[in-house]
Amino acid sequence: MMQTVKMVVTGPFNSGKTEFIQTVSEIDVVSTERKITAEAEKIKESTTVAMDFGRITVDDELVLYLFGTPGQKRFDFMWEILSEGMLGFIVMVDSTRPETFREARTILETFRAYAPTPYVVAANKQDKPDAWDVEDMRIALRLDKNIPLLPAVARDKESVKTVLIELLQIIMREISK
Amino acid sequence: MALKGNLRDFTITQLLNLVNLAKKTGTLVVESASQAARITFREGKLAYAEISNEDSRLGAILHKANVLTPAQYRTISQRAGNISDKELGLLLINSGHVTQRDVITSLQNHFLDILQRLFNWDEGQFYFNNGEALPPDRIPIRMDLENIIIEGSRRLREWEQLQDELPNLDLALKFTDRPGVNIQKLNMSVEEWKVVSYINPKNSIRQIAKASRMSDLEIRRVVYSLLQAGLVELVRPEGIEQSLPGLEQTLAGKSKEEQKNLVNRLIGRIRSL
């Protein structure tokens with residue numbers, strides 16, 4: 001019987017969730033993108049209003065789905081729905097936009113409240129010249145030193161793999177307890 | 001890497017904390033609409049500060065601190081020319097007009113005053129120039145940031161506590177059903193009355209703030225006091241408190257070995273991508 005497991009990729013608007021999933025998904029990411037109308041959210045032309053949906057087939061019996069949450073706050077009612085039954089989650093943070101750090105922190109706390117599953121924080125866009133140093137971000141995000149905060153570049157496959165494997169290793173440690 | 005942003009999102013207290021913890025050396029430049037401040041740090045300690053439109057030379061600082069008389073300050077301003085602060089300080093100390101302690105204390109107080117004013121800036125672009133030293137003619141001090149941060153933290157703590165109490169401004173308020181409470185007899189501030197006049201389950205706190213022209217901090221203060229007084233309650237969206245199953249429940253029905261096997265297969269597959 002085919003078994004499916006899922007992980008959720010969350011984070012503030014334009015933090016790179018869609019790109020992260022696209023980089024490793026074996027199918028074209030099913031995303032529902034719409035033109036943005038809100039003035040404050042004109043950073044990119046379109047945004048994910050429902051969800052991204054990527055797939056990695058492990059073998060004949062196991063499939064991993066990656067779900068991205070909608071970036072805009074008015075769709076946060078979807079978070080809880082998407083979180084149900086996840087193995088773990090990844091909080092994407094745009095390293096070049098400190099104005100989103102507080103929101104990232106809130107999202108992290110919300111998800112942690114929804115489901116006590118393992119998680120990692122990915123400091124995305126570390127290849128950009130404006131990127132904050134990861135350890136500066138840890139202080140800014142008020143992340144305890146035992147919370148994994150990983151430098152990441154969502155369009156780089158190796159980087160995405162590292163983040164996913166780190167999360168899976170944390171899940172493994174949880175299971176082994 | 002770049003350390004820049006806006007005080008709207010990252011406060012002075014947080015910046016000082018970062019500089020302190022990371023023991024940074026360099027100059028923090030903060031620019032508001034009308035002023036710009038430059039704060040220099042050495043190994044995480046305050047070394048120097050200046051703000052635009054204000055004379056930050058030693059003579060002016062000592063005069064402001066009443067260490068120099070107006071006549072002495074005038075003489076220095078008119079005759080000292082381009083003498084550096086270091087030279088001026090030595091001359092004044094050697095001539096017995098001031099003590100070294102006078103100089104250090106006056107500089108410390110002046111720099112602290114600038115920093116304390118910065119705490120009141122809630123908006124302004126900032127950037128940190130790594131390694132940038134203070135102007136060479138100025139006198140550096142070496143001041144721990146902890147006490148400065150504690151003062152700033154008091155303000156930040158209030159903000160954070162209020163955020164914890166009221167994390168979601170999209171919630172609405174409604175009056176509690178408390179028999180015997182006549183709201184008209186309560187002693188409330190103008191701000192509290194403004195908010196009370198808008199209380200309705202249809203109005204979100206954010207909308208009330210907008211209508212009454214209050215900042216997030218101000219509306220949180222008022223709503224928090226109303227909540228503490230038991231006059232109002234938050235109307236939460238249905239289901240928001242419902243918690244979802246954790247990892248154990250997600251993998252329920254499998255033995256530990258099966259769970260580990262599943263995760264190992266996932267790891268193996270991702271490695272092979």
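Biologist: In this predicted model, why does the end-to-end distance of helix 5 of chain B agree with its number of residues?

Modeller: Helix 5 of chain B (residues 100–118) has 19 residues, and at 1.5 Å a residue these should span 27 Å; the end C-alpha atoms are 27 Å apart, which agrees.

Biologist: Which residues of helix 5 of chain B are buried?

Modeller: The general idea is that an α-helix has 3.6 residues a turn, so residues three or four places apart point the same way. In helix 5 of chain B, the buried residues are V103(B), S106(B), L107(B), H110(B), F111(B), L115(B) and L118(B). They cover an arc of only 165° around the axis, which puts them on the same side of helix 5 of chain B.

Biologist: Which residues have the most contacts inside the largest nonpolar core?

Modeller: In soluble globular proteins, nonpolar side chains tend to be buried together. Here the largest nonpolar core has 84 residues, and M7(A), I90(A), V91(A), V93(A) and A122(A) have the most contacts inside it. Strand 6 of chain A (residues 86–94) gives the most to this core, namely 7 residues. Beyond its neighbours within four places in sequence, M7(A) is in contact with residues including L64(A), L66(A), I90(A) and L167(A).

Biologist: What is the strand order of the open sheet in chain A?

Modeller: The order of its 6 strands is 4-5-1-6-7-8, with mixed pairing. Strand 4 (52–59) and strand 8 (149–151) of chain A are the edge strands, each pairing on one side only. Strand 4 of chain A pairs with strand 5 of chain A (residues 62–68) in the antiparallel sense, over 7 bridges.

Notes. Residues numbered from 1 in each chain as written. Chains lettered and ligands numbered in written order. Predicted model: local features only at pLDDT ≥ 70, side-chain atom pairs only at ≥ 80, totals over all residues. Core = buried A, V, L, I, M, F, W, Y, C linked by C-beta atoms within 7 Å. Buried ≥ 20, exposed ≤ 12 C-beta atoms within 10 Å, placed from the backbone. Helix = DSSP H or I, 4+ residues; strand = E, 2+ residues; numbered from the N terminus. Contact = placed C-beta atoms within 7 Å. Expected span 1.5 Å × (residues − 1). Arc of directions from axis to C-beta. Pairing = 2+ DSSP bridges.
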